[in-house]
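Have the chains on screen before you read on.

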Amino acid sequence: MMASTAQSRIKSISYAKYGYMFIAPFFIVYAFFQIWPLINTFILSFYGNGDAASEFVGLENYQTLLFGGDNRRSRALNDTFIQSFINTVILWVGNFIPQIFLSLLLAVWFTDSKLHIPGKGFFKVVMYLPNIITAVSVAALFMRFISNSQTSAVNIILAQMGNEPIKFENDPTWSRGIVMFIQTWMWFGNTMIMMMSGILGINPSLFEAANIDGASSGQTLRKITLPLLKPMVVYTLITSMIGGLQMFDIPFLYHTAAGDIKDHLRTVAVFIYEQFRAGNNVHNPQYGVAGAASIMLFIVTAILGIFVFRMNRDQDEVRKKKERKELVKEYKRQQKLAKNGGLD
Amino acid sequence: MEHVGVKDNYMLIQRIKSIGCFIVCLLLAAICLVPLWVMICNATWDRFHLSTTPINFIPGGDFAENFYNISKGEMAQFPDFNVFTGYRNSLIIAGCSTILTVFFSAMTAYGLTVYNFKIRDGAYTLILAVMMIPVQVTSTGFVQFMVGTLGLANSYIPLILPAIAAPAVVFYMRQYMKSSFPLDIVEAARIDGCGEFRTFISIAIPMCKPAIAVQAIFAFVANWNNYYTQNMIILSDTDRYTMPIMIQNVLGQDKHPDAGAQYAAVALSIIPIVVIYLCLSKFIVGGVALGGVKE
Amino acid sequence: MNNLKKTLALMAALAMTATAFVGCGDDDTSSSTTEATTTAAEETTEGDVAEETTEGDVAEETTEAGEAAEVPALGTPDGTLGEGGDALTILCWTEDDLTHMYDVVANQSGMDKSMMVYKNVGANGTEANEKYTQMFASDEDVDLYFCDADWNMAYQNNDEYSAPLSAVGITEDMYANAYEYTVAMGKDSNGVLKGASWQAAAGGYVYRADLAEQYLGITTPEDMQAMISDWDAFWATAAEVYTASGEVTAMTDSLGGVWRAYSNGNRATAWVQDGTITEDNATACLGDFISMAKTNYDAGYISTATQWTDDWLPQGMSAGAQANKTFGFFFPTWAIGANSSLEQAQGKEGTEGSTYGMYNICEGPTSWFWGGSWICVSPKTDNATEAGQFIYAMTVDATSMKAYVESKGDFVNNKPVMAEVVADGTNSNPLLGGQDQFAVLADSAANIDMSIATQYDATINSELQNAVQAYCEGTIASEEDCVDEFLNKLSEALTDVTVE
């Protein structure tokens, strides 16, 4: 292993320029379409809102969002922002837990050679199906099934049974539950496929060996599948977390009356969108507040990301890096010594 | 199968387990399918029927009427709704984006895996870092830059070109290449006198097909479903409306509440993509599984 | 200012050579009868240059309903705007009116009907505002656009979005026969005329005549009006209706409807004063609305449906999930003509549960109005001439406006025309069983006062309705919290207004 690494290192010297060529398009496009907008957002977060957009206000937007202030506007924005953050966490946890549970369970079942589930292929296809559907259509569909509207399916049935119609959007438990259900419904098939391709990526000879050694399904799962699946679970966790923090479509669309976004469904993403978008609900674009909220969302994501990234880091690489660091240190020390020696 | 008592017992347990799993799967499949089936059936009933029987499992005969109400009729319910325009536009955006995403992500991942150069680790760390950035973080600056500074409102450029840089896909591809793409092959190719770019195209890409297939599906779906970005860029040109924006406009149409027409509009937005998916599903799901086993 | 003077001088000169002399009371008059009137042209110049005095002048010039004042013919564009575009593109959020306008405009101006195209932003009335902003941000080809009363000021006050009407040959003295408030609302903060309205949006109470007879024994709109002449009487009648219907039928369609009637009928001050909304002023504006709404909502006299949702209009039918849920709607003139909300609420004639033609209209507990649309010119237009022709035909020319009344059944912004229509007695609205809604609403229209309107009213109305709806439904605990929530949301939404 060490030999081949060394070999490739020697060989790759003349090929380094290809490395740059291969990764150049990515970084050029990324800088133009993402990095600059990010910097732009950062700059905007220090400027005023609405008509006062050109006025430098320093950290005022951050202060307003995090701690409120002595006027009504600051307090209201603070409340809304904090609430939107809480909403985001609740909605994400509420859809991630059932989603990862279902998809892991199904992935393990579907890849277990000892289980004979008829129609496996059919199930996989059907369970992935909701994910292929546009979120807006899904929202529209569920709005017709269950919403504030008295003409939504559930309310019509309730009325026929002699009950009062329920305004499902107005009740935090109902509406959050519905949004969580829709999110799980849409995403568990997707996660399941990711998990399955992870399990199938595990060298089948390992399973064969375990089988020959007479390991039970449970043992195989605990000793082989789950540990080897860890990177895949972590990957899913990262992507789902990023997805969760930007949860937008369903919470944004799940309301009947125009512009009446519910306080208990407003996620951070919806909050930001409302702020930078000029319109009826927010009269003038509030780039400052939107920018500050974006940057805070960025910081939270980064902290979570680093945490997960550390968990995921492959141990080999850590050791190699340490060794390299040691080498560099050693080299520098010797250089220093030589330098000092020279001077003396 | 050896006929030993213990083995028989074992088989029985496995069989019971299988049946249990099957029932759970059946239930989940029903949860996935029933809403869609009800939607299709409801799209074929008029609003009077729907106001008393809101959930139908049997199709009715009013689809033509509903379709008339959502197409450009005399009193068109949703004047801006034209499924075919929506399909065409969404296909253009999602198709181009997907190709760009998988190709350039594979290329970037290949560059990061195969070559050793000074900024490699830094570049990879950067990609890992930016992977965490949600699109909402940059959207304020993005819209201002694209629409305000560059005047690209209604243009597809801001929707397609950024697909070249998809950090999460690069991350996934690199993971995949690290675990299942032997670098020896590259060396062998070099010895055979194969150019670097050709090695990538003719050896690396075919070998990474399983990963590319998975990522292509996800990229396509993500772009097809993307309402957030599209809605920020495609502001006003109805000819360029994509499917999600059209559906949103149907929902927002307040003056002619007609449940049948709404179901029909939503169904039309869903059915063709579902049909295409079902046709390709064997390839999609099977390809994923096959690719995994091979390596 | 110098530029403006030059422009106006030029215009006056042009007007002298080609001013049409249109007598509005005269049906035969058309814009082809030209007669140069130097005085009219001079008046134009004076009136517009001395902006401060303009309003007073118009008020003096305005005649009593029935006596038509002479208005000048359409002037020529002043050259500041583009010409020669292929099509006159009109931005709107509903094409219901436009489809009736094409013929009217084509007949009056001789413009080819195919010249006129519309772009529907396809959004709720309240969201259209946002869509418009995007349209302008993306440099779409827009020549004319319609603005709602709730937010037209936001566009008229922005020179990037709206050009003075004088630039397309429309002057203020053309509106001598119009309802005063439409002219006042059409001006920007500097008093420049930037929008023209084709309608006067007086509101009334449209009720189910069949249910009135059944529950209250009332057969005429006059008797009905006596039953609901003020809010106290209105709610007392509501109790009767609710009981008689077996606790099914609410007196009114929605909280939003009650708020529109209350807000524009009973409110005395503007929401925003000196860039500030104080709690005291807000409380004064709200009056006893919140407690009135809560009491009657809880009692079942106000329907739980929300305006502009699926629940709202089907309440007007006698079958279906929402059957007979409401006794009547608070509707303005634009909601009771052809292709209107009322038509939608009644359902297609002959279908199950249709209440087609079973409605009547009366003034209701207060004299009020709701909305109205102004036509504005985009500064980026490339059809200045056609834009002027369109506005002239729809908002100035008596003949074509009368044709529009007959086609669409809208209440047009022209007093003599409306007086004539009422006097003729020819208008019979099939949706109202043949009743003439103009006769009922003519007085209300004359009394509309929009001096307390501000450009923030759209946001204020929607935030208030959300807060009160939440209070009525029990999500918000007390009236105090409701006001607090309302003001909080406002403070978030309005950056250029201080909410205390």
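## One serine and its neighbours

Which residues does Ser303(C) touch, not counting residues up to four places away in sequence? They are Ala250(C), Thr252(C), Asp253(C), Ser254(C), Gln315(C), Lys325(C) and Thr326(C). The model is predicted, so side-chain atom pairs count only at pLDDT 80 or more.

Where does Ser303(C) sit? It lies in a loop of chain C, between helix H13 (289-299) and strand S9 (328-332). Is Ser303(C) buried or exposed? With 25 other C-beta atoms within 10 Å, Ser303(C) is buried; the cut-off for that class is 20 or more. One of the residues it touches is Ser254(C). Ser303(C) and Ser254(C) are 49 residues apart along the chain, but 5.1 Å separates their C-alpha atoms.

## The five-stranded sheet of chain C

Chain C holds an open sheet of five strands. The order is S4-S3-S5-S12-S6, and the pairing is mixed.

Strand S5 (residues 144-148) and strand S12 (residues 373-377) of chain C run antiparallel and share five bridges. In one of them, Cys147(C) has Trp374(C) of S12(C) as its bridge partner. Helix H15 (residues 384-395) of chain C packs on the sheet. H15 touches strand S3 (88-92), S5, S6 and S12 of chain C. The direction of H15 makes about 160 degrees with that of S12(C).

## Helices in chain C

Look next at helix H18 (residues 437-447) of chain C. Its buried residues are Gln437(C), Phe438(C), Val440(C), Leu441(C), Ala442(C), Ser444(C) and Ala445(C). An α-helix has 3.6 residues a turn, so residues three or four places apart point the same way. What do the buried residues of H18(C) pack against? Their partners in chain C are strand S7 (202-208), helix H9 (221-227), strand S10 (359-362), strand S11 (368-369) and helix H17 (415-424).

Helix H19 (residues 457-473) and helix H20 (residues 479-493) of chain C have axes that come within 9 Å and cross at roughly 150 degrees. The crossing of H19(C) and H20(C) is right-handed. H19(C) brings residues including Ile460(C), Leu464(C), Val468(C) and Tyr471(C) to the contact. H20(C) answers with residues including Cys482(C), Phe486(C), Lys489(C) and Leu490(C). By class, the contact has nine nonpolar, one polar and four charged residues.

## Two domains of chain C

Chain C divides into domain 1 (19-201 + 371-424) and domain 2 (202-369 + 452-499). How many residues does each domain give to the contact? Domain 1 gives 20 residues and domain 2 gives 18 residues.

On the domain 1 side, helix H5 (125-137) and helix H6 (152-156) of chain C are the elements that supply two or more residues. H5(C) has the largest share, three residues. The classes on this side are eight nonpolar, eight polar and four charged.

## Chain A on its own

Chain A has 14 helices and zero strands. It has 344 residues, and 48% of them count as buried. Among contacts in chain A with a separation of 6 or more, 63% come from residues 24 or more positions apart.

In the contact between chains A and B, 82 residues of chain A meet 81 residues of chain B. Which helix of chain A gives the largest share of its side? Helix H2 (residues 16-44) does, with 18 residues. This side of chain A has 56 nonpolar, 20 polar and six charged residues.

The contact with chain C takes 28 residues from chain A and 32 residues from chain C. On the chain A side, helix H4 (72-111) and helix H7 (153-160) each supply at least two residues. H4(A) gives the most, five residues. By class, the side of chain A that touches chain C divides into eight nonpolar, 15 polar and five charged residues.

Note on methods. Residues numbered from 1 in each chain as written. Chains lettered and ligands numbered in written order. Predicted model: local features only at pLDDT ≥ 70, side-chain atom pairs only at ≥ 80, totals over all residues. Contact = placed C-beta atoms within 7 Å. Helix = DSSP H or I, 4+ residues; strand = E, 2+ residues; numbered from the N terminus. Nonpolar A, V, L, I, M, F, W, Y, C, P; charged D, E, K, R; others polar. Axes fitted to C-alpha atoms, helices over the stretch in contact; angles between N-to-C directions. Left-handed = near helix turned anticlockwise from the far one by under 90°. Pairing = 2+ DSSP bridges. Buried ≥ 20, exposed ≤ 12 C-beta atoms within 10 Å, placed from the backbone. Domains from an automatic or database assignment.
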